[in-house]
Amino acid sequence: MDLAYLAELPKEEFVLRRQRVFEQMQDNSALIVFTETEKRRNNDCDYLFRADSYFWYLTGFNEPQSALLLIKKEGLCRSILFLRERDPLMETWHGKRLGVAQAPSVLNMNEAFGITQIQAIFAEKMQNLTACYYAQGWQTWGDAIVQSCFDEVIDWRPMLSEMRLIKSEAEIALIQQACHISALAHIRAMKQTRPNRYELEIEGEIQHEFSRFGARFPAYNSIVASGENACILHYNDNNAVLQDGDLLLIDAGAEFAHYAGDITRTFPINGKFNEAQRALYQLVLDSMKAAVKYLVPNSSFKAANEVAMEVMTDGLLALGILKGEREMLLAEKAVKRFYLHSLGHWLGLDVHDVGDYGQEKDRPLQIGMVLTVEPGLYIPSDADVPEQYKGIGIRIEDNLLITEYGNKNLTSGCPKEIADIEAIMANH
């Protein structure tokens, strides 16, 4: 097997990112970013560590208790890393550390110091500087260190979020791989689903495929929701028995080299859509296809979502789920009774990635943005609708890259047409 898990961004990418930050900083200023600390799961067991996405974006460094300090003074720019010292005993128990001596050459930094020295060295470096960029309350363990030198700070999140929103070619390649692995996992789930298995068993099949192709972690807690559980948007109990005749909604994505995939598919547990399921599923799919045409440069989430809601309104009227005058229903956004969320979100180092959406998500889309498109319909069992549609939840989600030609579907390898889904399930 190709050892895809060894993939990573070139070191030069992090240097260029820091250079872009320096270009936006005031002269005689500093910018400091702290990473995550280790988090206790229970008693003496910690969750597996993952770096803060902003910190990793500028360093490519994945150890806890670290901080990056950028200083721009009289036109000169320096990158300084604070990190844990080497400790043979602790490394025997918990794994190797990079250490102060190797950090500058490995990570292309000007200097490195032990994290225990940060209070004193930060104060020393801040002398005669007039401004500090810092995200108050983001990583709270750094607040006291910064506040000891600066009463007021400039929030770096708008600057770094805007940088993260437009992906480089190297980032796109990693996101594409995350999406590819995610697609393989969803296909495996379709093949392994059958009545009387548990939701958590299917979650295990998904995780198996993630690990098999070098993605150790999911990008978020996998949603494996059968029957009416699919009407709970962020359901993750994943403990119900799969019932013959129900649908199974799976929202799951791999994290590959820190970048997220995010796919949702909904399919019949017994391999065949019934008439009501087929009608609702096709309606969600049609709304998705209509919306995708508007997810292109200089359009917006808002424009695409309006089209999706129009398609869904017409379809729900035809099925007798919505009642009334079409224009009034559109004006009132009546479809939001059953379509509870927005059309999509940014995707990148975080599954709900950072970046400004504009007012009502009307920001013009730009080349290099990566986003999700995920219309859905959720009809609870107590809804006042025809009986055959009660208790059905359906969502379909793909990941798109905005390009100069419109968009590219990064998750096209995961089937979503009814005939394709039924064919996959019929053969296994």
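**Exercise 1. Describe how helices H1 and H7 cross and pack.**

Step 1: Helices here are DSSP runs of H or I with at least four residues, strands are E runs of at least two, and both are numbered from the N terminus.

This is a predicted model, in which local features need pLDDT of at least 70 and side-chain atom pairs count only at pLDDT 80 or more, while totals for chains, interfaces and linings use all residues. Residues are numbered from 1 along each chain as its sequence is written, and side-chain values use heavy atoms, with hydrogens and water left out.

Step 2: H1 (residues 11-24) packs against H7 (residues 157-165) at about 135°, and their axes are 11 Å apart. Axes are lines fitted to C-alpha atoms, for helices over the stretch in contact, with angles from 0 to 180 degrees between N-to-C directions.

Step 3: The angle therefore makes H1 oblique to H7; under 35 degrees would be roughly parallel, over 145 roughly antiparallel and 65 to 115 roughly perpendicular, with the rest oblique.

Step 4: Arg-17, Arg-20, Val-21 and Gln-24 of H1 meet Met-159, Leu-160 and Met-163 of H7, where contact means heavy atoms within 4.5 Å.

Step 5: This contact of H1 with H7 has four nonpolar, one polar and two charged residues. Ala, Val, Leu, Ile, Met, Phe, Trp, Tyr, Cys and Pro count as nonpolar, Asp, Glu, Lys and Arg as charged, and the others, Gly among them, as polar.

**Exercise 2. Find which residues join H8 to H9.**

Step 1: The axes of H8 (residues 169-192) and H9 (residues 199-212) come within 8 Å and cross at roughly 145°.

Step 2: H8 passes H9 in a right-handed crossing.

Step 3: H8 contributes residues including Ile-181, Leu-184 and Arg-188, and H9 contributes residues including Ile-202, Glu-205 and Phe-210.

Step 4: Sorted by class, the contact of H8 with H9 holds seven nonpolar, three polar and three charged residues.

**Exercise 3. Work out how H10 lies against H13.**

Step 1: The axes of H10 (residues 275-292) and H13 (residues 418-426) come within 11 Å, crossing at roughly 125°.

Step 2: H10 is therefore oblique to H13.

Step 3: Arg-278, Tyr-281 and Gln-282 in H10 meet Ile-418, Ile-421 and Glu-422 in H13.

Terms used:
A crossing is left-handed if the near helix is turned anticlockwise from the far one by less than a right angle, and right-handed if clockwise.
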